[in-house]
Amino acid sequence: MKSHLGRRPFSAMELHTLSHGYIYGDQRLPREQAKHWHFWLPLIAYYSGAYSDEIGHLELNNIVTYNGIACFDFHTHGKIKPRLVPIHQALFDAGLNEYIALLKQQNHTRLLFDLPSKSGRYSEKVRIWFSGEGERAGYLQKCDIPNVDQLGMKTAISSLRLNFEQQIRIFAIQANSKDAFNYLMGFIEYPKQTFADITLLNHVIQQVRNINPHIRWQRFTARHSA
């Protein structure tokens with residue numbers, strides 16, 4: 001696994017905790033300023049392996065259908081290659097289609113329309129919300145997950161990409177296609193610009209473990225104050 005900056009994937013228990021945190025429950029925290037991107041970005045990161053800046057740049061027209069399979073069209077991160085990543089069923093079950101319908105009704109063009117950018121990048125705002133900064137606690141701290149473990153290994157929003165990488169490496173090998181793994185991760189080890197077998201990619205993606213089948217965007221919007 002191509003770990004970076006001493007980061008590690010989340011453990012199974014940590015993933016359970018994150019996906020059952022207040023964002024995905026029934027109550028808002030006191031003084032919480034809830035945003036739609038708080039709900040969607042961690043889920044898309046986990047089920048697609050994309051970086052937060054890639055997700056922040058997604059336009060509605062970057063959700064495309066090939067051979068009947070809905071995909072995210074990622075193409076905005078300089079370190080990794082453009083790629084089509086089939087959308088995991090868990091995102092549709094969570095209400096992605098209904099959310100997109102609302103965006104279209106309100107004439108938004110960007111999927112995470114309420115995630116602001118700083119100098120053209122979205123990752124800084126995501127980092128502060130997810131990991132905290134200074135005295136400000138992030139989503140990790142509010143879920144009682146440390147930024148740094150006893151071995152000095154860090155967790156951050158990009159740890160979700162490492163969880164994705166762990167899983168699809170196994171599923172791609174089982175499908176006898178290392179190319180599928182390298183393509184879905186955006187690695188330069190896959191030399192071509194496209195991947196012909198979108199059905200194979202979808203087969204690999206749909207095996208990524210559903211970390212909370214009860215997550216619903218409609219539940220997020222209906223949360224009441226604690």
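**Close-up 1. Lys35, Lys125, Arg136 and Lys142 together form a positive surface patch.** The view is taken from a predicted model.

**Close-up 2. Arginine 219 and aspartate 26 form a salt bridge.** The closest N and O atoms of the two side chains are 2.7 Å apart. Because arginine 219 belongs to helix 11 (residues 217-221) and aspartate 26 to the loop between helix 1 (12-19) and strand 1, the pair ties together parts that are 193 residues apart in sequence. Both partners are partly exposed: arginine 219 has a relative accessible area of 30%, and aspartate 26 is at 41% relative accessibility.

**Close-up 3. A salt bridge joins glutamate 32 to arginine 223.** Here the closest N and O atoms lie 2.8 Å apart. The pair links distant parts of the chain, 191 residues apart: glutamate 32 sits in the loop between strand 1 and helix 2, and arginine 223 in the loop between helix 11 and strand 5 (224-225). Glutamate 32 is buried, with a relative accessible area of 16%; arginine 223 is also buried, with 5%.

**Close-up 4. Glutamate 54 pairs with arginine 83 in a salt bridge.** A distance of 2.7 Å separates the closest N and O atoms. Glutamate 54, in helix 3 (residues 52-57), and arginine 83, in strand 4 (residues 83-86), are 29 residues apart. Glutamate 54 is buried at a relative accessible area of 1%, and arginine 83 counts as buried at 1% relative accessibility.

**Close-up 5. Glu124, Arg127 and Glu133 belong to one network.** They are joined by salt bridges that share partners. A search of the whole structure finds 8 salt bridges.

Definitions and conventions: Residues numbered from 1 in each chain as written. Predicted model: local features only at pLDDT ≥ 70, side-chain atom pairs only at ≥ 80, totals over all residues. Heavy atoms only, no water. Patch = residues over 30% accessible without salt bridge, like charges linked within 9 Å, V, L, I, M, F, W, Y side chains within 5 Å. Areas by Shrake-Rupley, 256 points an atom, 1.4 Å probe, with all protein chains shown as cover. Salt bridge = Lys/Arg side-chain N within 4 Å of Asp/Glu carboxyl O. Lys, Arg positive; Asp, Glu negative; His and termini not counted. Charge placed at Lys NZ, Arg CZ, Asp CG, Glu CD. Helix = DSSP H or I, 4+ residues; strand = E, 2+ residues; numbered from the N terminus. Buried < 20%, exposed > 50% of the residue type's maximum accessible area, 1.4 Å probe, protein only.
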